[in-house]
Structure formats: structure tokens, C-alpha cells
2 protein chains.
Amino acid sequence: MTQLVHEKLHQVEGILKELDIDCWLTFVRETTDAGDPVLPLILDHPLTWQSALILTQSGERIAIVGKYEDEAVRSSGAWSKVLTYVQSIKEPLCNELNRLQPKEVALNYSLNDVKADGLTFGLFELLKQHLSETPFASRFLSAEKIIGTLRGRKSPGEIQRVRRAIATTEEIFLDLTRYARPGHTEIDIHGHLHDAAARRHVGLAWEAALCPSVTTGPGSMAGHGFPSDQLCVSEGNIFHIDYGVRRDGYCSDLQRSWYVPRTGETRPPESVQKGFDTVRRAILAAAEVLQPGVEGWTVDAAARRVVIEAGYPEYQHATGHQVGRACHDGGGVLGPQWERYGQTPFFPIEEGNIFTLELGVDLEGRGYLGLEEMVLVTKKGIEWLSSPQESLPLLPV
Amino acid sequence: MTQLVHEKLHQVEGILKELDIDCWLTFVRETTDAGDPVLPLILDHPLTWQSALILTQSGERIAIVGKYEDEAVRSSGAWSKVLTYVQSIKEPLCNELNRLQPKEVALNYSLNDVKADGLTFGLFELLKQHLSETPFASRFLSAEKIIGTLRGRKSPGEIQRVRRAIATTEEIFLDLTRYARPGHTEIDIHGHLHDAAARRHVGLAWEAALCPSVTTGPGSMAGHGFPSDQLCVSEGNIFHIDYGVRRDGYCSDLQRSWYVPRTGETRPPESVQKGFDTVRRAILAAAEVLQPGVEGWTVDAAARRVVIEAGYPEYQHATGHQVGRACHDGGGVLGPQWERYGQTPFFPIEEGNIFTLELGVDLEGRGYLGLEEMVLVTKKGIEWLSSPQESLPLLPV
């Protein structure tokens with residue numbers, strides 16, 4: 001991981017110059033249980049006492065940490081200056097800022113981007129107290145743009161890790177088609193996919209209880225629901241999985257759908273095929289629009305239009321989110337202009353961003369049919385990172 | 001886990017009455033990666049969109065969540081009212097508060113207690129915006145006392161789980177004495193204790209890279225340091241472990257020390273024995289003082305005095321912290337009146353609290369000798385939850 005931290009810290013300096021921000025301060029404590037989500041990008045171990053990580057446009061990298069964490073921070077070799085304290089961080093923190101004299105101090109808060117909102121309200125108030133005798137307490141601004149850009153511009157090492165997470169997931173999906181049969185409960189499928197990850201020594205991309213989400217027909221819990229021990233993979237229904245793994249710290253997030261044929265059926269019923277075709281076309285429509293410089297809402301609109309024009313109810317989530325260390329990796333989303341998404345549908349898309357393209361339709365009497373692919377934004381468009389699902393296979397019965 | 005959530009939600013109503021606080025609002029989003037640490041106590045699954053969990057003195061339990069999380073929240077049976085939204089939480093949230101008309105709204109922020117400081121600064125600002133047309137945005141207060149009390153008063157189910165985590169840890173320590181021998185590196189020991197946890201299907205109480213912390217002599221990284229692949233368990237040195245597991249969601253946190261004898265030694269050298277006796281006496285001195293109603297700093301002072309009077313340098317951390325779902329479980333600490341600990345050394349101790357008692361001394365040329373026990377605060381004093389280390393064993397060589 002240390003190599004990745006070096007790659008990301010190197011990016012920071014360029015980003016601070018581009019945004020013309022003097023100084024970025026990550027202020028944390030007890031990061032094991034309530035960590036700032038940006039921390040793993042810039043430091044490869046946890047911090048316990050109040051700690052300040054200061055990165056400047058001029059390339060300084062200053063860590064002020066509790067006495068017992070001194071050696072762990074130094075050992076990474078990533079920080080140009082490591083200061084320690086025992087009783088209070090106030091003095092070394094004020095001294096460093098007084099020396100740097102930043103015009104502004106970017107802090108990790110954001111109304112829009114969860115992944116740029118790691119500073120807690122109590123820590124913010126503590127920081128104000130620490131800096132109350134300096135001019136810097138009135139020079140705060142949101143580090144939202146720094147963090148969104150830093151997370152979003154995947155380094156080569158990060159892209160490689162996401163590719164590997166996807167490869168493992170696709171291998172597991174292949175394996176699933178050999179296992180899943182009518183009569184298996186959602187819990188059975190859920191357990192099988194947990195075992196599949198454990199056997200391959202990878203983690204899950206989100207909470208185990210909800211990863212995978214499994215739907216087997218019209219009775220299944222929608223969206224982020226729990227798998228049922230009653231509902232089964234059933235003939236005449238859609239069998240649908242939303243699943244991802246975490247491999248070497250990076251995530252995948254993919255959806256796949258199958259049709260479970262009734263006796264004698266050799267292809268999906270027309271209504272099901274139309275549902276699949278619509279979802280597939282909508283994803284291709286989004287992929288067509290996605291490129292550096294566009295805003296996410298335009299990509300969402302392209303996909304949403306296909307679904308609405310085909311006569312299905314509008315899906316009630318964004319068409320895509322970024323993926324990286326986290327399954328929902330923050331920054332801009334490919335989402336509609338709804339209040340819930342704040343400013344994130346307006347963040348311009350950049351080369352090196354990794355997005356999901358995902359949506360589905362509820363088919364009456366058949367269940368939920370959804371697809372989710374992953375793409376890398378390139379200079380002129382996208383590269384498919386997943387192998388897109390191009391047809392709706394029949395699950396062997 | 002659902003049973004535990006019911007136990008804790010039941011406690012909340014009593015605590016709100018005792019503190020005479022009308023209404024406690026937990027406001028969260030995307031809890032998978034940046035969760036409010038209080039959330040697992042009151043809800044047994046994650047939430048994705050902005051969500052509000054409102055608990056009132058009158059016993060109402062209201063959850064306002066995104067549309068797709070409706071069924072998951074309802075299925076717990078713990079919430080008396082579940083409201084959902086698609087585009088913005090503002091309207092249902094304002095409606096509920098307008099109906100309840102709380103005199104104050106406690107929020108999860110705290111300058112003192114990390115575990116009560118789950119509300120991020122961005123979410124706080126969003127909440128103010130949502131409530132800007134109501135009187136409630138000026139009725140916020142810290143939920144620090146609610147959360148500290150709720151986490152601190154362990155329910156019978158929680159105490160049982162901590163006991164089991166300790167039992168597993170002590171079993172692993174026994175196993176370790178059969179494995180550890182001079183020549184093993186710190187990394188070997190670290191790996192052995194990871195395997196020991198995995199074999200028993202328990203997790204680690206804190207970050208894997210630092211759990212256990214292993215010291216093998218004067219050259220080891222102090223405190224929260226990484227294990228070395230060079231330094232070995234060595235004759236004439238102290239071998240010391242700080243380790244804990246997470247079993248059924250609850251943690252242990254214990255330290256044990258051994259002396260590694262040189263050829264012909266049948267007991268520790270006098271300086272080592274004196275170090276052990278001092279640490280042991282200091283822990284007993286703390287245990288003597290610890291009881292409901294006292295403030296944590298008095299317990300710390302009792303132990304600290306023993307170490308200083310024996311001529312050792314003062315240890316630079318608190319004598320104890322609470323343990324539960326988290327290894328550092330927040331609330332009051334048994335710590336000195338240092339700025340870094342804020343008000344937490346002054347929080348009164350209650351029956352049902354679970355604390356560590358932990359400290360150590362650096363022995364010149366021998367390494368770090370530390371002990372850490374776990375105790376339950378009872379009506380009149382304490383019950384030892386761990387089997388205290390009463391002597392300094394020789395590691396078989």
C-alpha cells in the first residue's frame with residue numbers, strides 16, 4: 001500500500017497548484033472507528049490521538065501526531081516533517097501554521113460529497129479552539145474539490161487494482177451460474193457468494209449483510225434489502241445479483257441478471273426480453289455520452305430517457321457513481337439534479353475516473369432486472385472495465 | 001444482533017428521561033464508509049441516503065430513510081414509525097419535528113468523546129439548511145451525555161459478549177506461550193496471533209497491522225508501532241503483547257508480558273521483577289479506587305502515583321478506557337487531566353461500565369513491560385473480567 005500512498009501524495013501537490021489552494025489540513029483522531037475516508041489515500045496506518053496532516057502547494061508534507069505514533073509515520077518515508085506531542089497538539093499545530101502563513105486552510109467537510117466530509121463537527125470546533133489565537137480559524141474552506149479530484153483521478157496502481165477486483169468478481173459470477181438453481185433461497189445464494197469471496201481471499205465491497213443483494217422475483221426486498229430465507233430462485237422469474245469484492249483495498253460493484261426458464265421455455269418471454277433490451281440500451285446511451293468535461297447529470301439524462309421512453313417507471317437512483325477504495329467513492333455522480341445529490345451531478349468528469357453504469361426495471365410478476373457495468377473514463381470516451389452483459393442468459397434448471 | 005439493538009433502544013428512553021432531553025436525532029448518510037460510531041448500537045444495518053433516526057423521551061422511535069431502505073429498517077421491528085423519501089429528506093424531517101415540537105434536539109457531536117462525535121461538519125451544515133425554516137436549528141445540543149451513558153452502561157447481552165471475547169483472547173495467550181520462542185521475529189508473533197484469531201473465527205479488536213502490538217526488547221517500536229521483521233524474541237529481554245479480538249461484535253483488549261531467561265536463569269533479574277511488581281501494584285491501586293460515582297482521573301492518579309514513587313518515568317497515556325463494541329469505547333476515561341483528554345477524565349463512573357486497567361514501564365536494556373486487564377464496574381467496586389496476570393512467567397526457551 002505504501003507505493004499507492006506515494007502515488008496519491010504526489011498527485012496532491014499538482015491538485016493544490018491547479019486549484020490554487022495553499023494548504024490542506026486533515027485533522028483526525030481515533031481513526032480506527034470513525035476514520036476520515038480520505039485518510040487511507042494519504043497514510044497507510046491509523047492514528048489515535050488528535051493528529052494533523054498538512055500538505056502544501058509548495059510540496060511540504062507535515063504530520064503532527066501523538067508521541068507513540070512517531071515511528072509508524074516516519075517509517076512510511078512519505079512525510080517530510082514529523083512532529084510529535086504528548087499533552088496537546090495546539091502548540092506544534094499553531095507553530096507550523098504560523099510558519100507557513102497559508103492564505104487559506106482547506107478542511108475535510110462537504111455538503112455534497114460524503115467522501116470529502118470526514119471532519120466531525122466536534123473536531124471542527126476543537127480545531128477552531130486550537131487556532132483561536134491565530135488568524136487561520138477564519139481562513140477555512142472546503143477541501144471538497146481537492147479530495148474529489150484526488151479520489152477521482154485514479155493512478156495506474158489504482159486502476160490495476162480495480163481491474164483485478166473486477167476480474168475476481170466476474171470469475172465468481174461464472175462460478176455462480178454453475179451453482180444457482182431453482183429452489184435455492186436468497187440466503188443460499190448470499191452464503192455462496194460470501195464463501196466464493198473467502199475462498200479467493202478477497203473481502204466484500206460493502207456490508208456483508210447486504211453484499212450481495214439478491215432478488216429472485218416480485219416478492220424480494222427492493223434495493224438495499226436483506227436476502228430472504230423463504231424466497232427462492234424460481235422458474236418464470238428474474239434472478240438478479242448486485243455484488244462486489246474488495247481486493248488489495250479496491251472495489252468492484254457489478255449487477256447481473258438471468259432469466260429462470262419454465263419447462264419448455266428456450267428463451268425469455270417477450271416482456272422480459274424487452275426489459276433487458278431497454279436496460280442494456282440505456283446503459284449504452286450513458287456510455288455514449290460519458291467523456292471528460294461533461295457533467296454527470298447529462299450522462300444520467302441520456303440513460304433515463306431510454307427507460308422512460310420505453311414506458312417504464314423512472315428509476316429512483318443515479319445512473320452511476322465512482323468506484324475505488326470505496327464502492328461509493330465520492331466526487332461527482334452520474335445522477336439527476338435532485339436535492340439529495342447536492343452539487344455532485346454538476347462536477348465535471350475527468351480522465352481517469354472510474355464509474356458504474358447501472359439501472360434496472362421492475363417487471364410485473366417477474367421481478368427486478370438490473371445491470372451494472374464499470375467503465376474507465378479515457379481521453380475521448382470510455383473503456384469498459386467489466387465485460388458488459390450483452391444478452392439475458394437462461395439460468396440452467 | 002437485533003436482540004442487542006432492542007436492549008440498547010430500551011435503555012435510550014430511560015437515559016433521555018434521566019437527562020431530561022426531549023429528542024435525540026442521529027443524522028447520517030453512506031454509513032458504510034464513514035459511519036457514525038453510535039449507529040450499530042441503535043440499528044443493525046447500514047443506511048445509504050441521508051437518514052434521520054429520532055428517539056424521544058416519550059418513547060417514540062422514528063426512522064426517516066431512503067425509499068430503498070424502508071423494508072430493511074421495518075424488518076428489525078425496533079422502530080415505531082418508518083418514513084421514506086425519494087428526492088429530499090427535508091420535508092418528512094421538518095414535519096416530524098414540527099409534530100414533536102422538541103425543546104431541544106441532541107445531535108452527535110462532542111469535543112471530548114470521539115464515540116459521540118459521529119456527525120460530520122458537512123452533515124451538520126446540511127441539517128441546519130434543512131431546518132432553516134423551523135425553530136429547531138437553534139435548539140441543538142450535544143448528545144455526548146446520552147451516547148456516553150448508552151455505550152457505557154453495558155446491557156447483560158453486551159457483558160456476556162465481552163466476557164466471551166476475553167475468554168477467546170486468554171485461550172490464544174495460552175496457545176502463544178506454547179509457540180513463542182527466542183528467534184521468532186515480531187512479524188512471526190504478529191502472524192501467529194492473526195492465524196490464532198482466524199482459526200477461532202473471531203476478528204481483531206483494532207487494525208490488523210497493529211493488532212497485536214509486539215515488543216521484544218529495547219529496540220522495538222514503542223506504543224502503536226509496527227512489528228519488525230528483524231527484531232526477535234531474545235534471551236534477557238521482556239516479551240510483551242498488546243492484543244484483542246472482536247467476537248460477536250464486542251472487543252477485548254489485554255496486555256501480557258513474559259521474561260525470556262538467559263541460560264541458567266531460573267527467575268527474572270531483580271530490575272525486571274521490580275518493574276513487574278510496580279506495574280502490578282499500580283493496577284491493583286487503580287482497581288482499589290474504581291467504583292461508581294468516582295471520576296476517572298482519581299483512578300488514574302492512584303496508579304500513576306505508584307509508578308512515579310517507584311522511580312519510573314510517568315507513563316504518557318491514560319490508565320484505562322472503556323471497551324465494548326469498540327476497543328476504545330468512548331465516554332469517560334481513567335486518565336490524567338491533560339488537554340488531550342478534554343472533559344473525559346471528569347465523567348463519573350457508573351455501574352455496568354467496562355474498563356481496561358493498563359500501564360507499563362520501560363526497563364533499560366530489557367524492553368517494555370506492560371500489563372492490561374479488563375474489569376466490570378459493579379455496585380460497590382469492580383469484578384475482574386480478565387484473569388489478572390499475577391506474576392511474571394519465564395517464557396520456555
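**Figure 1. Thr356(A) counts as buried, because its relative accessibility is 0%.** This view, like the others, comes from a predicted model. Thr356(A) lies in strand 13 of chain A, which spans residues 354-363. Its side chain makes a polar contact with the side chain of Glu358(A), at 3.0 Å. Confidence for the chain as a whole: chain A has a mean pLDDT of 94, and 98% of its residues reach 70 or more.

**Figure 2. Strand 12 of chain B is largely enclosed by the rest of the structure.** The strand covers residues 254-259. Six of its six residues are buried, which is why it is described as largely enclosed. In a regular strand, side chains alternate between the two faces of the sheet. Here both faces are covered. On one side sit Leu254(B), Arg256(B) and Trp258(B), all buried.

**Figure 3. Strand 9 and strand 12 of chain B pair in the antiparallel sense.** Strand 9 of chain B runs over residues 238-243. Six bridges join strand 9 to strand 12. One bridge can be picked out by residue: Tyr243(B) has Leu254(B), in strand 12 of chain B, as its partner.

**Figure 4. Chain B and chain A bury about 5,200 Å² between them.** Carbon and sulfur atoms account for 59% of that area. Tyr68(B), Phe121(B) and Arg340(B) supply 15% of the area that chain B buries against chain A, more than any other three residues. The contact takes 55 residues from chain B and 55 residues from chain A. For the complex, the predictor gives an ipTM of 0.82 and a pTM of 0.84.

**Figure 5. Arg29(A) and Asp117(B) form a salt bridge across the contact between the chains.** Their closest N and O atoms are 2.8 Å apart. The count between chain B and chain A is two salt bridges. Residue pairs in polar contact between the chains number 24, both residues at pLDDT 80 or more. Helix 3 (70-75) and helix 5 (121-130) of chain B are the elements that give two or more residues to the side touching chain A. Helix 5 of chain B gives the most to that side, with eight residues.

Terms used. Residues numbered from 1 in each chain as written. Chains lettered and ligands numbered in written order. Heavy atoms only, no water. Buried < 20%, exposed > 50% of the residue type's maximum accessible area, 1.4 Å probe, protein only. Helix = DSSP H or I, 4+ residues; strand = E, 2+ residues; numbered from the N terminus. Pairing = 2+ DSSP bridges. pLDDT = per-residue confidence, 0-100. Contact = heavy atoms within 4.5 Å. Buried area = accessible area lost by both parts, 1.4 Å probe. Salt bridge = Lys/Arg side-chain N within 4 Å of Asp/Glu carboxyl O. Polar contact = N/O pair within 3.5 Å; in protein donor to acceptor, adjacent residues only side chain to side chain.
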